Amino acid sequence: MRVYRLAVIHYFLLTLACITPLIVHAQTPELSPDGARSILLTGFAVNKQAQLKDIDNIAQGMPREIGHRLEKQLWKVKTTPDLLSTEWRLSPASPQLLGQIAGLYDVRYVVAGEVRDAGISTQSMLWGLREKQSRVIDIEIRVYDARAGSLLGRFDFSGKASGDVLIGAEHVFAGDAFRSTAYGKAIDEVIEQAAQAISATLLSQAQ
């Protein structure tokens, strides 16, 4: 599995703050006309990478696919391969960091996530003569108002598939071959649920 870059956003902003310390107290620049309805999706942390060797780059693929569905709902989506946290686990983002990201990317909202579990379990059947496999997909997503520096919502989504639960890293994430598998369908359903929840959360801010 590829080694994903860890929190380049953090290192860039830390360097910037060291050069110009007063920037952390400055007001976040005004959004452009497109910025008010814009979302930045970061790379997703992957808690247990060994579980995902058969899947093509889920850390980038999942936020990318969520973004595609948000675009269909007329949100302006931007993505970065970098993680919002400095570890492989999702951690809270500070208001200072969120404000810097808002100005850097000209966005109002930031969405970060973590793939927490993609484990396979095996159940013996017929006195051990047969086995049945099942596999979960468990993710956490956090939605931030980067301009306000606040957390708007934290969501858990999970799905499960049984049978042949391996996909194959040769299949493009969320491609036709990917979605033709039982586990690919389970992931696709989780992506759809996540996109709907994110959109509903952001729409509620406009009311």
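So, Ser-199 touches Leu-70, Gln-73 and Trp-75, leaving aside residues up to four places away in sequence. Touching, or contact, means heavy atoms within 4.5 Å. A quick word on what we're looking at: this is a predicted model, where local features need pLDDT of at least 70, side-chain atom pairs count only at pLDDT 80 or more, and totals for chains, interfaces and linings use all residues. Residues are numbered from 1 along each chain as its sequence is written, and side-chain values use heavy atoms, with hydrogens and water left out.

Okay, back to Ser-199. You'll find Ser-199 in helix H5, residues 182-205. Helices (H or I, at least four residues) and strands (E, at least two) are DSSP runs, numbered from the N terminus. Is Ser-199 buried or exposed? Ser-199 has a relative accessible area of 2%, so it counts as buried. The cut-offs are these: buried is under 20% relative accessible area, exposed is over 50%, and partly exposed is in between, using a 1.4 Å probe and protein chains only.

Now look at Arg-69, over in helix H2, residues 58-72. Arg-69 and Ser-199 are 130 residues apart along the chain, yet their C-alpha atoms are separated by 9.5 Å. With 14% relative accessibility, Arg-69 is buried. Which side chain does the side chain of Arg-69 make a polar contact with? That would be Glu-192, at 2.9 Å. Arg-69 touches Asp-188, Ile-191 and Ala-195 too, again not counting residues up to four places away in sequence.

On to the rings. Rings of Phe, Tyr and Trp (its six-membered ring) pair if their centres lie within 6.5 Å; planes under 30 degrees apart are stacked, over 60 edge-to-face, and the rest tilted. The count by this rule is three aromatic pairs. One of them is Trp-75 with Tyr-109: the centres are 6.3 Å apart and the planes sit at 85°, so we call it edge-to-face. Trp-75 is in the loop between H2 and strand S3, and Tyr-109 is in strand S4, so the pair ties together parts 34 residues apart in sequence. Both Trp-75 and Tyr-109 are buried.

Conventions
Polar contact = N/O pair within 3.5 Å; in protein donor to acceptor, adjacent residues only side chain to side chain.
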